[in-house]
Amino acid sequence: MVIGYLAPRAPRAIPYTLYPVFMRFSSTLHRLSVPLSVLLLAAAPFSLAQKKAQVSSPAAPQQYPTAPKAPALIDPAGPSVSLTDSEALFDIAVALNACGYDNGLAESDPIRARVRAQVEQAVAQSAQGRADRDQLCAFVDQHHLAEAGLDLAQYVSLALYVTPPPDLEPSVDDADMPPDSTTVEGILPILRKFASDIDLHVIWVANRPAYDAEIAHLHDPLTKMIVDTNIYLKMPASTYSDHRFLVVIEPLLSPAETNARIYGTNYVVVASPSNAGTLHMDKVRHVYLHYEIEPLMYARSGAIERLEPFLHIVRDAPLDYRYREDIVSLVVECMIRAIEARTMNTGVDLKPIPADIDRSNLEQAYREHQAAVAQDAAVRQKSVDQSMVQGFILTQYFYSELIAFEKTPASLQETIGEMVYGMDVPEEVSHVRHIQFAEQGTPDVVAEVQVKPSPLDMAEMDLVKHDPKDATDLSEATLKQHGPDAARANFILARADLLTGNVDDATTAFHETLRLGTDPRLLAWSHIYLGQIFDVNDERDQAIAEYKAALAVPDIQPDIKTAAEKGISTPFALPDQPPPSDDDSTSKPPAAAAPSSNNQPQK
């Protein structure tokens, strides 16, 4: 059993890395929303006897905005989970502190007071620095927002998309910047001059050892949170090769103002330690649960659509509009809240009855233990009830399902499909129809900014909807642009061809994916599909060669390894009627399973 850990901090350019764990067993969260790529769950087999289909391209392909670009701190080739700091965020936090941002000052780590004093001294010694500070403060004053959380959030969003000093330039085009950051982007030229005139980089370097020590101190609690979470879910950590979870530490911000962002498949938490050296780990964990659960839930979005009657019930609930309009968002949040209720620290001591207890004391000890168990259950149920009256009406259902889940060896990944498919929707609707909702909800955890998906994201969704024609049109339109996504477009085309029985075209497209691609997941799954096609054609030697080629791809995930090894040990055969299951993609026919291809190939 390999236990994941955060590797000891190496040179400063290298963030803490949480390596995978393989086991059996009011923050403001802003979302720059683009649907997560989902597993293709096609139900129809393909016919090897059919001729090639003539696929048509749209005469005038519709133009869509690209998917959200990753923040500057995200390394596409880096670790899935990281803990780090940011000099760009430090500079912006210094500017805010110099201009009256005193939120949480008494509760902050001593680093904050020390840096503020050093900056104040540097400004006092520089007439130009004082002029720069006045310009900064005038800008900050002119861009205040009424809600304090959103006021800070716009600068955090900007900091995540800014290159390191001395450049302090946006890391993406203006059109790709987070919408809330664009209103304060004008602070950058003023900040660049301020940082230069007071030698702010020198202050950063002087305090960098303290930042390193802070990260080292938070190393174990963050590791424990992630390990404990994945033990409960019975899932390996960091299994999504195209997803990133990043925790950025900035002691100059208020410990009470944890900020989080979800940009496509990048989950970023900006947090500040308190003077006790702790984070609001419950808020960090909430975002981590999004990171782990959202891909599983979006992979079953077709099944979740059957739950849409619940949206009618929550129309008058004190929920953000997103939860009242999007059933997937509502279901994800309900499941996360149920998990939090099942795993919360209730403060109740549940010590077991000692094995060597005197027989005369056994009855009393048993009564006390049962009372503690009941008290513990009551605290958890109160948390569920609070979520229910706030409008998260499936929390109770998932809470009950999780009790059963805890008694089995199956992982959440293996169980979540059954939870969704197995729900008796009419019965659950009858249970929650008459809930009296609270007049006000708690501060929303997720604030969403809508962004249209890229053409290939839409093509993935078309495959889920069993619409190979639209998937083909969008993929071919992408190929005509001769951009960097050619491998992914060919991978989608190949799966669309399998849905329509065009095996020869699918084979060609899989080979094009192998020729053009660099992403390990696309390469490995292309080999597996080709191996299955060879097996159906009774070309066993070629099939085994493809399965072995999949195993030879570097950095493959466990699902790929399982599928390839199964192909080597047992020839793939088409079932008469493939079952419409959504759990295990390792033994289905080529047209019936596929990994997410949202991994952007690195050229």
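**Salt bridges and their setting**

Tutor: Arginine 208 and aspartate 85 form a salt bridge through their side chains, at 3.2 Å from N to O. Arginine 208 belongs to helix 6, whereas aspartate 85 sits in the loop between strand 3 (81-84) and helix 1, so the pair ties together parts that are 123 residues apart in sequence. Both arginine 208 and aspartate 85 are buried. The model is predicted, and the mean pLDDT of the protein chain is 81, with 80% of its residues at 70 or more. Over residues 31-66 the pLDDT is below 50, although this stretch has 110 contacts in the model beyond near neighbours in sequence.

The count of salt bridges comes to 18. Another of them joins the side chains of aspartate 102 and arginine 116, at 2.8 Å from N to O. Here aspartate 102 is in the loop between helix 1 and helix 2, and arginine 116 is in helix 2, 14 residues apart. Aspartate 102 has a relative accessible area of 40% and is therefore partly exposed.

Lysine 561 is partly exposed, with a relative accessible area of 41%. Glutamate 565 is partly exposed as well, with a value of 37%. Elsewhere, salt bridges with shared partners join Asp85, Arg208 and Asp212 into one network.

The nonpolar surroundings come next. The largest nonpolar core has 50 residues, and Phe90 and Val119 have the most contacts inside it. Among the elements that give two or more residues to this core are helix 1 (87-98), helix 2 (110-124) and helix 6 (200-233). Helix 1 gives the most, with eight residues. Setting aside neighbours within four places in sequence, valine 119 is in contact with Val94, Phe194, Ile198, Leu200 and Ile203. A second, separate core holds 48 residues, including Met235, Ile313, Val384 and Tyr397.

Technical notes. Residues numbered from 1 in each chain as written. Heavy atoms only, no water. pLDDT = per-residue confidence, 0-100. Contact = heavy atoms within 4.5 Å. Core = buried A, V, L, I, M, F, W, Y, C linked by side-chain atoms within 4.5 Å. Buried < 20%, exposed > 50% of the residue type's maximum accessible area, 1.4 Å probe, protein only. Helix = DSSP H or I, 4+ residues; strand = E, 2+ residues; numbered from the N terminus. Salt bridge = Lys/Arg side-chain N within 4 Å of Asp/Glu carboxyl O.
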